[in-house]
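Here are a few friendly notes to read alongside the structure. Please have the model open and find each residue as you go.

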Amino acid sequence: MASRWGLTLPLPQVRLAEHEEPVRIAEESGYTDLWSGETNGPDGFTPLALSAAWTDRARLGTGIVGVFQRGPALLCQEAAALADASGGRFVLGIGSSSDRIVEGWNGIPFERPYSKVAETLEFARTALDGGRTETGFKLEAPPADRVPIVLAALRGRMLRLAVEKADGAFTNFLPLAGLERVTAELAGAPEGFELLCRFFCLPGTREEVEPLARFMFSSYITVPVYAAFYRWLGYGDAIAEMVEAWERKDRQAAAAAAPWELIEDTFVLGTPEQMKERLAAFVDGGITLPILTPITMPDRQVELIKALAPA
């Protein structure tokens, strides 16, 4: 079992106002971390701000917030505020997000994502350490404790940037068979460097979870940055039919073409015992912090959170 065990916030289909009980239960059950997602639900900071008041020990991380949608000064203001509110329990996770979110949804050109992340990382490290950036920005009240910075990193250059400049790398939708390709890029990482991964946990038999798993996989892995990730991992042929169907806007055909063997290797399925065994295999392969996203009915979220808690 990993020394750290994370939960994704917000919980699917649960209103933020109803998160206090599951958040408190998660901390009591042994979850060490709460990491926010940021797609088309709540932003990445608000669930953590609420959780800072509901918890005493859990580390709170943005996993991740995009560098295109926020100016670097505002990003550092938000990070400093959460570090203060949580008593130094905050970790800033940043990344480029995706072309679909940045350009498609927000109308912001998705250009030079690597450079944008690298520049924002440099700015944030300087500002959060209390320095003045090259643009002249300086936080009025820098965090009392050092704020670790984690980079969302899928492939080679971004993974290497994380090793060189950040405190960890955050990956997502990673097949177990592809884990070794990712860890190979982390050679030479300093002591304490973290490799975080979000896992989508769907309890039930194949018949029960397959329709949703196919939809989730096809809608995610057809995003250009994720399609490129899977091609980099060597799965270009396996996803080709699915991507082609998605590009012609045939969502049903794309879901049908999603390769089940890859879905099984990426998602965490089955009983809680089977899911924990599966997560252990990722930990053994180099994931230092599994971040669990329990996918079930809202009235069963707490039950599944407890069932997947660390021993």
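1. Let's start with S218, which is buried at a relative accessible area of 1% (buried means under 20%, exposed over 50% and partly exposed in between, using a 1.4 Å probe and protein chains only). S218 sits in helix 8, residues 206-221 (a helix is a DSSP run of H or I, at least four residues, numbered from the N terminus). Leaving out residues up to four places away in sequence, S218 touches M242, W246, A254 and A255 (contact means heavy atoms within 4.5 Å). The side chain of S218 also reaches the backbone oxygen of F215 at 3.1 Å.

2. A word on the model: it is predicted, so local features need pLDDT of at least 70 and side-chain atom pairs pLDDT 80 or more, while totals for chains, interfaces and linings use all residues. Residues are numbered from 1 along each chain as its sequence is written, and side-chain values use heavy atoms, without hydrogens and water.

3. Which residues touch the most other members of the largest nonpolar core? They are L92 and L128, in a core of 101 residues (a nonpolar core is a set of buried Ala, Val, Leu, Ile, Met, Phe, Trp, Tyr and Cys residues joined through side-chain atoms within 4.5 Å). Not counting residues up to four places away in sequence, the contacts of L92 include F45, L75, L128 and I149. A second, separate core has eight residues, among them I64, V91, V150 and L289.

4. In soluble globular proteins, nonpolar side chains tend to be buried together.

Definitions and conventions:
Helices (H or I, at least four residues) and strands (E, at least two) are DSSP runs, numbered from the N terminus. A polar contact is a pair of N or O atoms within 3.5 Å; within protein, one must be able to donate a hydrogen and the other to accept it, and residues adjacent in sequence count only if both atoms are side-chain atoms.
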